[in-house]
Amino acid sequence: MKQPCAKVPRVGEILQVDHHKIHMLRRSRANRPEVVFLHGCGSLAEEVVVPFEGRANIGIIAPDRPGYGFSSPLPSGSQGPLGQSVWLEAFLEHIGGGPRMLVAHSIGCAAPLLLARRRPDLIRAMLLIAPCCRPVPFKPLLLLRTAMTPLIGSAIRRQMTTRWPEMIFHSAVRTSAGPNPVPEYLAALPARHIVSSPSIETMAAELSAFNADMAALGHISSDLPITVVFGDRDRVIDHRWHSEWIRRNHDQALFKTLRGVGHLPHHVCAEVCVELLERLVEANMSPMDNRRSPVA
């Protein structure tokens, strides 16, 4: 199925939650539950939902995570997965509707896993796509680290956001998609909106805090249904490294590994991810899901 190109950012609803501005895309569907989607590092709400729109028989709620897109960044020191789990907690409580089913991609899986540990009452089930959730060995990430160094960092960020955003974005997309080709609609996402100064700072901060925050994860209740999908040719994360970690902390998680697929299973094998989500939805629906939840 060919998806429409998005040459300008999609604009949805702007919520004020505590002191945070949260941009959210929302599409309701009669008598179907609304599922919350969380995008990965250096991305947007509109990216993670595209493969599910028009395919999955669900409603969709997708915020730009803090510091990305039109959502305001979190304060310094709280931009890592733990701080974002507190942000997610406030967001879910704000939109209401009882415990939610969540879909998350890559490092976007970290915050909901931490939240599931602290507030299992807010999450009904999760589909984790190529999750990055286990503390990882050091990576140099030279451009990102240089962009955050004192004195020269601001000049580097200015170059990244004014002269190089398309190059940076398309290089990142090719790496994530590899060894699979980049879908046309994905290459058409608004690079200048994605590669912004707040998003660069957020990426650096969440990656810097990632290991310490996730080292404290601990066991998640086996009563929480979790489905995990990986690609076995992922060039961004080691799927075996992270799947072992999830098994250690949740002994009932269901896993599916897709052969020949990289870090974007939801784009490369959209039908498989939609099927996994719909199975999860059907198994965990409640009568409350047939009512559209209010947003203040």
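The following is a working conversation about one predicted model.

Colleague: Before we start, what kind of model is this, and which residues do the totals use?
Modeller: This is a predicted model, in which local features need pLDDT of at least 70 and side-chain atom pairs count only at pLDDT 80 or more, while totals for chains, interfaces and linings use all residues. Residues are numbered from 1 along each chain as its sequence is written, and side-chain values use heavy atoms, with hydrogens and water left out.

Colleague: Let us begin with the strands. How do strand 1 and strand 2 pair?
Modeller: They pair in the antiparallel sense over five bridges. Helices (H or I, at least four residues) and strands (E, at least two) are DSSP runs numbered from the N terminus, and two strands pair if DSSP finds at least two bridges between them. Gln16 has Lys21 of strand 2 as its bridge partner.

Colleague: What lies between those two strands?
Modeller: Strand 1 and strand 2 form a hairpin with two residues between them, and Asp18 in the turn has a positive phi of about 55°.

Colleague: And where does strand 4 come in?
Modeller: Strand 4 is joined to strand 2 by four bridges, and the two run antiparallel. Arg27 is paired with Ile60 in strand 4. Strand 2, residues 20–27, is mostly covered, with six of its eight residues buried; buried means under 20% relative accessible area, exposed over 50%, and partly exposed in between (1.4 Å probe, protein chains only).

Colleague: Which partners does Val229 have in the neighbouring strands?
Modeller: Val229 is the bridge partner of Ile129, and Val229 also stands opposite Lys256 in strand 8. Strand 6 and strand 7 run parallel and are joined by four bridges, while five bridges join strand 7 to strand 8 (residues 254–258), again in parallel.

Colleague: Why is helix 3 described as largely enclosed?
Modeller: Because seven of the nine residues of helix 3 (residues 110–118) are buried, it is largely enclosed by the rest of the structure. Among the buried residues are Ala110, Pro112 and Leu114. The buried residues of helix 3 pack against several elements, including helix 2 (81–95), strand 5 (100–105) and helix 9; contact here means heavy atoms within 4.5 Å.

Colleague: Changing topic, how much space lies in the largest pocket?
Modeller: About 1500 Å³. The closest to its centre, of the 46 residues that line it, are Cys41, Leu141, Met203, Leu207 and Val236. On a 1 Å grid over the protein atoms alone, a pocket is an open set of points where a 1.4 Å probe fits, with protein on both sides within 12 Å along at least five of seven lines, and lining residues have an atom within 4 Å of a point. Grid points are joined across faces, edges and corners, and the volume is the space filled by probe spheres set on the points.

Colleague: Which helix gives the largest share of that lining?
Modeller: Helix 6 does, with eight residues. By class, the lining has 29 nonpolar, twelve polar and five charged residues. Ala, Val, Leu, Ile, Met, Phe, Trp, Tyr, Cys and Pro count as nonpolar, Asp, Glu, Lys and Arg as charged, and the others, Gly among them, as polar.

Colleague: Is Ala56 buried or exposed?
Modeller: Ala56 counts as buried because its relative accessibility is 0%. Ala56 lies in the loop between helix 1 and strand 4, where it touches Arg27, Arg29, Val274 and Glu278, not counting residues up to four places away in sequence.

Colleague: What does the side chain of Glu53 contact?
Modeller: The side chain of Glu53 makes a polar contact of 3.0 Å with the side chain of Arg10. A polar contact is a pair of N or O atoms within 3.5 Å; within protein, one must be able to donate a hydrogen and the other to accept it, and residues adjacent in sequence count only if both atoms are side-chain atoms.

Colleague: Finally, which peptide bond is cis?
Modeller: The bond from Gly178 to Pro179 is cis, with omega near 10°. Most residues other than glycine have a negative phi, and most peptide bonds are trans. Ala130 has a positive phi of about 45° although it is not a glycine.
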